[in-house]
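Dear colleague,

Please find below the structure that I am handing over to you. My findings follow it, arranged by region.

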Amino acid sequence: MERDGSAVPADSLGMVVVKKKTQSPRSWILFDATGQGSMLDVDKYAIMHRVQIHARDLRILDPLLSYPSTILGREKAIVLNLEHIKAIITAEEVLLRDPTDENVVPVVEELQRRLPQATFSHQQQGDGKEYRGGQHDLEATEEDESPFEFRALEVALEAICSFLAARTTELEMAAYPALDELTSKISSRNLDRVRKLKSAMTRLTARVQKVRDELEQLLDDDDDMADLYLSRKAGSSSPVSGSGRANSFGASSTIGSKISRASRASMATVRFDENDVEELEMLLEAYFMQIDGTLNKLTTLREYIDDTEDYINIQLDNHRNQLIQLELFLSSGTVCLSFYSLVAAIFGMNIPYTWNDNHGYMFKWVVIVSGVFSAVMFLLIIAYARKKGLVGS
């Protein structure tokens, strides 16, 4: 049986945090154009009916399923899955999943702060009041000219870029000292520490790369960017076409026929040329450059790790050559001493030889000759080894 959607006012973020343990993992928070938030505990069918998306699109936002970062433009919504930020953006509202998550709380605060700016600005201009706010308010007015969905999308992109940049900075602060320590002292503890850091870097690089690829894919396709202009599509559609559809939350009119004051004001600044995507392109390029810079930091860190590995391999090769040199010296000494053993073995046998009689000087001459021969052989072996590069000069 389908549950009825229930809305609970989210007056303060503290109330949201207190209810973290009691909220369902399927909880949502709804933000309208004025920045007012309401906690929702609804099933997926109510969400699908409200924003008019398919089940496969909503499945992308399921935290129990592992989907890569993606930004999908639909007829009346933008499906946003960026790491922990899972949201549905329409032309007049934002649905954010799991608002009590510690990584999502800053996004909730930013949406509450930035979404109502356009409404406030247009209300002041509509009442005929003189607009005096200095440079900061002028910048806010320029920002208010963006459509509602772009402001919400910018908050999400800024949050995910800042999140990944912070994780990259933390990894750099831990990796560089560990690598420097490893170069000074090669031990199993340091090797295991660097191995864990390299694994973390590989996972983080894959996450950053996916976000970057998604932004690059949008920038390369004007049609995909045009699909994200929800206010333009809502303004170009007929208000009568969707008037017969009922809202799952009991609203008096449908999303297609009801456009908020902020969306109407923002649509006035958007040209209705379907091929004009300059505004969104500039927005995506800004965060593409930021995420690309984060990826460059990870690439630099990987190169530093590779250089450290090469340096360690050179050190290990040097130690290996020293062991080979020592083994060569020991082997050469063993071969040379074997001649003395041969002489001692020959003269120590209890076999009567006729040449042993009255020839005691033979032992001394054999020992001297074998010693000279052993020394010459030892020098020849060392010279050959140096010629082949087995030992240092």
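Glu 83 counts as partly exposed, because its relative accessibility is 22%, and the cut-off for a buried residue is under 20%. Please note that this is a predicted model. Glu 83 lies in the loop between β5 and β6. Although Glu 83 is not a glycine, its phi is positive, at about 60°.

The two strands on either side of that loop form a hairpin, with two residues between them. Strand β5 covers residues 78-82 and pairs with β6 in the antiparallel sense, over five bridges. Within this pairing, Asn 81 stands opposite Lys 86 of β6.

Strand β6 itself, residues 85-89, is mostly covered, and five of its five residues are buried.

Ala 87 has Leu 96 in β7 as its bridge partner.

A second residue with a positive phi deserves mention. Gln 52, which is likewise not a glycine, has a phi near 60°. Gln 52 is placed in the loop between α2 (44-51) and α3 (55-59). With a relative accessibility of 32%, Gln 52 counts as partly exposed.

Turning to the helices, α7 spans residues 148-184 and α8 spans residues 188-220. Their axes come within 10 Å of each other and cross at roughly 155°. Angles over 145 degrees count as roughly antiparallel, and α7 and α8 are therefore roughly antiparallel to each other. The crossing of α7 past α8 is left-handed.

Finally, some values for the protein chain as a whole. The chain contains 13 helices and seven strands. It has 393 residues, of which 38% count as buried. Among contacts between residues at least 6 apart in sequence, 72% join residues that are at least 24 apart. The chain exposes about 22400 Å², and carbon and sulfur atoms supply 55% of that area.

With kind regards

Definitions and conventions:
Residues numbered from 1 in each chain as written. Predicted model: local features only at pLDDT ≥ 70, side-chain atom pairs only at ≥ 80, totals over all residues. Heavy atoms only, no water. Buried < 20%, exposed > 50% of the residue type's maximum accessible area, 1.4 Å probe, protein only. Helix = DSSP H or I, 4+ residues; strand = E, 2+ residues; numbered from the N terminus. Pairing = 2+ DSSP bridges. Contact = heavy atoms within 4.5 Å. Areas by Shrake-Rupley, 256 points an atom, 1.4 Å probe, with all protein chains shown as cover. Axes fitted to C-alpha atoms, helices over the stretch in contact; angles between N-to-C directions. Parallel < 35°, antiparallel > 145°, perpendicular 65-115°, else oblique. Left-handed = near helix turned anticlockwise from the far one by under 90°.
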